[in-house]
Amino acid sequence: MADKKWILHVCGARPNFMKVAPIWAAIAARDKLGQKLLHTGQHYDEKMSDVFFAELGLPVPDISLGVGSGTQAEQTGKVMVALEKVVAEQRPDLISVVGDVNSTLAAALVAAKACIPIAHVEAGLRSFDRAMPEEVNRVVVDRLSDLLLTPSADGDENLRREGVDASRIVRVGNVMIDTLRKNLPAAQARPILRELGLNAGGYALCTLHRPSNVDDAAVLGRILDALGAISQKLPLLFPVHPRTRKMLGAFDAKLKAWPQLRLCEPLGYLDFLALTSQAKLVLTDSGGLQEETTALGVPCLTVRENTERPATVTEGTNTIVGTDPKRIVAEAEAVLAGRGKAGRVPELWDGKTAERIAETYEQFLGRR
């Protein structure tokens, strides 16, 4: 790799792996740039990270920081301290970060202070809600980045409004859809529905992990009431994020009253994609799942008051329902009655985003 300029990809959490995998593959196939993979260890549960590397075809990380859990500040600080040493020793030509997790912010801060160019994949997304930790991360990372790769037109508009020079903005599309398209046939061939006793189109799927939903017992209780009511109409599978699992102990009695609300451990990427693609309805607070359901044409109810992915609402299958149980249940009943959004797939969500990113990186580094 000594004769090539090279990129350090920083991954930290489950959604990052789905975005980095196709970029890694596209750069490797073109063979014009070198690359290394760094895993911060922000997600350290096997189901939340290790299995993703295996299923997505990512290599064993060249560098693992193993930072583990902690508060926002602790986690960001641990990544910065460890990553600063790596960057000082290895001096990559470009640091590529994806998404909006703490590892993304930490890597951008380290790169900026080391005067190493930063590329941000999934730039420009805004919920306009600074109470969301991810929103703060997005704004800061975009301010520091040299190359801003956006998934949709709203990202371009947000960045221009914030004063970002147009020459730094490149709309490439949604790289997570590359991963989805590539893996969908293998996912749907897996036996997970049969193992769980579910029928395609005959169940709902739910994920919850955002602090505003799961750390507040009153809010979580309201959402569970809605899920319980929906589960009386069709089975509802709820893979439980580690953050959420800690809070559910207070609701044991409630959960026992709803046998059709089925809790399970987090799933690997392929099994979860199999379930998402064949669900009648998805309820979530995950940004990535809003995008995946839009690409799959599956109705999605977002259990939040806002979204940083408005294309999934204006063009796709997503409806913002908040946390009021009556609204959640009413919108779910509309879907079950055949009145869910049909939607369409946004422009450039075509499975070729990673190719455009690889070409953009080559051009950027060729000018330096």
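Me: In which helix is D156 found?
Reply: In this predicted model, D156 belongs to helix 6, residues 153-161.

Me: Why is D156 called buried?
Reply: The relative accessible area of D156 is 7%. Buried means under 20%, so D156 with its 7% is classed as buried.

Me: What makes the pair D156 and T150 a polar contact?
Reply: The side chains of D156 and T150 are joined at 2.4 Å. The cut-off for a pair of N or O atoms is within 3.5 Å, and therefore 2.4 Å meets that distance.

Me: Which residues does D156 touch, not counting those up to four places away in sequence?
Reply: These are T150, I169 and R171.

Me: How many cavities of 30 Å³ or more does a search of the whole structure find?
Reply: The search finds 2.

Me: What lines the largest cavity?
Reply: Its lining includes T150, P151, V175, M176, T353 and I357. Strand 6 (147-150), helix 7 (175-188) and helix 17 (353-366) each give two or more residues to this lining.

Me: What classes make up the lining of the largest cavity?
Reply: There are 7 nonpolar, 4 polar and 1 charged residues.

Me: Which residues line the second largest cavity, and how do they divide by class?
Reply: L125, P151, S152, D154, E291, E308, R309, P310 and W349 line it. They divide into 4 nonpolar, 1 polar and 4 charged. Asp, Glu and Arg count as charged, so D154, E291, E308 and R309 are the charged residues here.

Technical notes
Residues numbered from 1 in each chain as written. Predicted model: local features only at pLDDT ≥ 70, side-chain atom pairs only at ≥ 80, totals over all residues. Heavy atoms only, no water. 1 Å grid on protein atoms, 1.4 Å probe; cavity = no way out; pocket = protein on both sides within 12 Å on 5 of 7 lines; lining within 4 Å. Points joined across faces, edges and corners; volume = space filled by probe spheres on them. Helix = DSSP H or I, 4+ residues; strand = E, 2+ residues; numbered from the N terminus. Buried < 20%, exposed > 50% of the residue type's maximum accessible area, 1.4 Å probe, protein only. Polar contact = N/O pair within 3.5 Å; in protein donor to acceptor, adjacent residues only side chain to side chain. Contact = heavy atoms within 4.5 Å.
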